[in-house]
Amino acid sequence: YSMLPQKHSMTMHMLDIMYAPTHNLNIMIMPMYMDMGMSMQMNPNYVSSGSSSHSGHGGGSHDVKGLGDTTLAAMYQVYKDNQHELIATLAVIAPTGDEYVKGEDGKPVHYGMQLGSGIWQALPNITYNYHQDKLSMGMQLLTRQPLEDKNNLGVAYPDMNQANVWLSYAWLPQLANSIRFQYNKTDTISGHYNIAHNHSTPLDFQGNYGGEQTLVGLGTNWVATMGTLRGLRVGLEYLEPINENVNGVQLETKRQINLSISKAL
């Protein structure tokens, strides 16, 4: 590789709008705005093979921002009593993001820097919650499956499987802390840009995407129970990987931070 990535940051701004037409059913739409940055440097150990394909990327940094794909979902409460709750969710991801973002050289950016996938995807999941006094725990199984083979640029985005387990304790009616373990497994990208593109960095090759990852997260959740702010909920979670087994050559994950603000009406 003639160019090496140094740092990749991704910020996702999601507006989660939910409406409950019945006691057991919630419908949701979640548009997303994405902001990604990548810093790179020349590889001092690179020896040219004489191929003209290793070109096109300069040093420094480049950014991509704009509307991402949109999630549409229906969540149904299958079962609920004083302690147990089971929720089944059927969701699809609509290709509202641009999958044809170009860099300054007029060629498409890295596969992982595109704002959208360009294909419809299914996102079903099932969630179980248990409550006992101040203690709560739960688990969720989720999968993302492409509903189309390839997008207009010839790229086939992979399936992803995820499992979450968590434990939460409410110190006060308004305040709780949690610990969560998250496991992800994602396949490599297949297909190939069907127009002229770069081959100078690990991110330009499909085999350098996906893998297995386990993260542990610590969270704090605060909810207003009285006054004009009643129903306002603020959550903050910090996650770090405890194991990564990635495909090919990739940057290691340093951290992930989730901030959520919601208001029930």
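This report covers the aromatic pairs, nonpolar cores, surface patch and salt bridges of a predicted model.

## Basis

Local features need pLDDT of at least 70 in this predicted model, side-chain atom pairs count only at pLDDT 80 or more, and totals for chains, interfaces and linings use all residues. Residues are numbered from 1 along each chain as its sequence is written, and side-chain values use heavy atoms, with hydrogens and water left out.

## Aromatic pairs

The structure holds four aromatic pairs. Rings of Phe, Tyr and Trp (its six-membered ring) pair if their centres lie within 6.5 Å; planes under 30 degrees apart are stacked, over 60 edge-to-face, and the rest tilted. One of the pairs joins Tyr 111 and Tyr 209 edge-to-face, at 6.2 Å centre to centre and 85° between the planes. This pair links distant parts of the chain, 98 residues apart. Tyr 111 sits in the loop between β7 (84-94) and β8 (121-122). Tyr 209 sits in the loop between β14 (190-191) and β15 (211-223). Strands are DSSP runs (E, at least two residues), numbered from the N terminus. Tyr 111 and Tyr 209 are both buried. Buried means under 20% relative accessible area, exposed over 50%, and partly exposed in between (1.4 Å probe, protein chains only).

Tyr 169 and Trp 171 also pair edge-to-face, with 4.8 Å between centres and 70° between the planes. Tyr 169 is partly exposed because its relative accessible area is 33%. Ring pairs also link Tyr 111, Tyr 193 and Tyr 209 into a cluster.

## Nonpolar cores

Which residues touch the most other members of the largest nonpolar core? Of its 20 residues, they are Met 36, Val 64, Tyr 111, Met 113, Leu 115, Val 155 and Ile 189. Strand β4 (residues 32-42) gives the largest share of this core, five residues. A nonpolar core is a set of buried Ala, Val, Leu, Ile, Met, Phe, Trp, Tyr and Cys residues joined through side-chain atoms within 4.5 Å. A second, separate core has nine residues, including Met 30, Ile 93, Leu 123 and Met 160.

## Surface patch

A nonpolar surface patch of about 830 Å² includes Ile 126, Met 137, Leu 167, Phe 181 and Ile 242. Such a patch takes residues with over 30% relative accessible area and no salt bridge, with nonpolar side chains (Val, Leu, Ile, Met, Phe, Trp, Tyr) joined within 5 Å. Areas come from the Shrake-Rupley method with a 1.4 Å probe. β10 (135-146), β12 (160-170) and β13 (175-186) each give two or more residues. The largest share, three residues, comes from β10. Leu 167 lies in strand β12. At 37% relative accessible area, Leu 167 is partly exposed.

## Salt bridges

The whole structure has three salt bridges. Each needs a side-chain nitrogen of Lys or Arg within 4 Å of a carboxyl oxygen of Asp or Glu. Asp 35 meets Lys 65 at 3.9 Å, N to O. Asp 35 lies in strand β4 and Lys 65 in strand β5 (residues 60-67), so the pair ties together parts 30 residues apart in sequence. Asp 35 is partly exposed at 26% relative accessibility, whereas Lys 65 is exposed at 51%.

Are Arg 180 and Glu 237 buried or exposed? Both are buried. Their side chains form a salt bridge at 2.8 Å, N to O. Arg 180 is in strand β13 and Glu 237 in strand β16 (residues 232-246), 57 residues apart. Glu 252 bridges to Lys 254, with the closest N and O atoms 3.2 Å apart. Glu 252 is exposed at 55% relative accessible area, and Lys 254 is exposed at 52%.

How values were computed
Helix = DSSP H or I, 4+ residues; strand = E, 2+ residues; numbered from the N terminus. Patch = residues over 30% accessible without salt bridge, like charges linked within 9 Å, V, L, I, M, F, W, Y side chains within 5 Å.
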